[in-house]
Amino acid sequence: MEIIGTIAAILTTGAFIPQAFKTIKTQQTEDLSLITFSMLFLGTILWATYGYFNQDHPIFFANVLTGFLAGIIPVSYTHLTLPTNREV
C-alpha cells in the first residue's frame with residue numbers, strides 16, 4: 001500500500017511544479033486565487049504534520065514539498081499584486 005501513497009505523492013506534488021515555475025517566470029498572479037492557494041498551503045502543512053506524527057513518510061515528504069510549492073503562489077501574489085506603501 002505504501003507504493004500507492006508514493007505514486008500519489010509524486011503526482012500531486014508534481015502538479016504544482018508547472019504553476020510555481022510559471023508564476024516565478026512571468027511574475028503574473030492576477031488570475032490566481034489567493035484564498036485557494038492559501039488554503040491549499042495550510043492544508044498541505046497540516047497533512048505534513050499528520051504524516052510526521054504517524055511516521056508516514058510518503059505523506060510527510062510529499063506535503064512538505066507540495067507546501068513549499070503551493071506557498072510560492074500566496075507569497076508571490078502578495079508581493080506582486082497587493083499595493084504597497086513604498087515611496088517611489
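1. Is Gln55 buried or exposed? In this predicted model, Gln55 is exposed, with a relative accessible area of 64%. The residue is found in the loop between H3 and H4. Its backbone deserves a remark: Gln55 has a positive phi of about 50°, although it is not a glycine. Most residues other than glycine have a negative phi.

2. Gln27 is placed in the loop between H2 and H3. Its relative accessible area is 42%, so Gln27 counts as partly exposed, the cut-off for exposed being over 50%.

3. The overall fold may be stated briefly. The chain contains four helices and zero strands, and its pattern along the sequence is α-α-α-α. The C-alpha trace spans about 55 × 25 × 15 Å along its principal axes. Of the 88 residues in the chain, 27% are buried. When contacts between residues at least 6 apart in sequence are considered, 68% of them join residues at least 24 apart.

4. The packing of H3 and H4 comes next. Two packed helices are described by the angle between their axes and the distance between the axes. Helix H3 covers residues 34–53, and it packs with H4 at an angle of about 155°, the axes being 8 Å apart. The two helices are therefore roughly antiparallel to each other, since an angle over 145 degrees falls in that class. H3 passes H4 in a left-handed crossing. Among the residues that make this contact are Leu34, Phe37, Phe41, Thr44, Ile45, Trp47 and Tyr52 of H3, and Ile59, Phe60, Asn63, Gly67, Ile73 and Tyr77 of H4. By class, the contact of H3 with H4 has 16 nonpolar and eight polar residues, with no charged residues.

5. H4 also packs with H1. Helix H1 covers residues 2–14, and its angle to H4 is about 5°, with the axes 9 Å apart. H1 and H4 are therefore roughly parallel to each other, because an angle under 35 degrees is classed in that way. On the H1 side the contact is made by Glu2, Gly5, Thr6, Ala9, Thr12 and Thr13, and on the H4 side by Pro58, Ala62, Leu65, Thr66 and Leu69. These residues divide into five nonpolar, five polar and one charged.

6. Helix H4 covers residues 57–80, and Gly67 lies in it. Gly67 is buried, its relative accessible area being 1%. Leaving aside residues up to four places away in sequence, Gly67 touches Phe41, Thr44 and Ile45. The C-alpha atoms of Gly67 and Gly14 are separated by 12 Å, and the two residues are 53 apart along the chain.

7. Thr23 is a buried position in another helix. Thr23 lies in helix H2, which covers residues 17–26. With a relative accessible area of 1%, Thr23 is buried, as the cut-off is under 20%. What does Thr23 touch, not counting residues up to four places away in sequence? Its partners are Gln28, Thr29, Leu32, Ile73 and Ser76.

8. The aromatic rings form the last topic. The count comes to four aromatic pairs. One of them joins Tyr52 and Phe53 in an edge-to-face arrangement, 5.2 Å centre to centre, with 80° between the planes. Another pair, Tyr52 and Phe60, is tilted: 5.8 Å centre to centre and 50° between the planes. Ring pairs link Tyr52, Phe53, Phe60 and Phe61 into a cluster.

9. Phe60, in turn, is partly exposed, with a relative accessible area of 23%.

Notes: Residues are numbered from 1 along each chain as its sequence is written. This is a predicted model: local features need pLDDT of at least 70, side-chain atom pairs count only at pLDDT 80 or more; totals for chains, interfaces and linings use all residues. Side-chain values use heavy atoms; hydrogens and water are left out. Buried means under 20% relative accessible area, exposed over 50%, partly exposed in between (1.4 Å probe, protein chains only). Contact means heavy atoms within 4.5 Å. Axes are lines fitted to C-alpha atoms, for helices over the stretch in contact, and angles run from 0 to 180 degrees between N-to-C directions. Angles under 35 degrees count as roughly parallel, over 145 as roughly antiparallel, 65 to 115 as roughly perpendicular and the rest as oblique. A crossing is left-handed if the near helix is turned anticlockwise from the far one by less than a right angle, and right-handed if clockwise. Ala, Val, Leu, Ile, Met, Phe, Trp, Tyr, Cys and Pro count as nonpolar, Asp, Glu, Lys and Arg as charged, and the others, Gly among them, as polar. Rings of Phe, Tyr and Trp (its six-membered ring) pair if their centres lie within 6.5 Å; planes under 30 degrees apart count as stacked, over 60 as edge-to-face and the rest as tilted.
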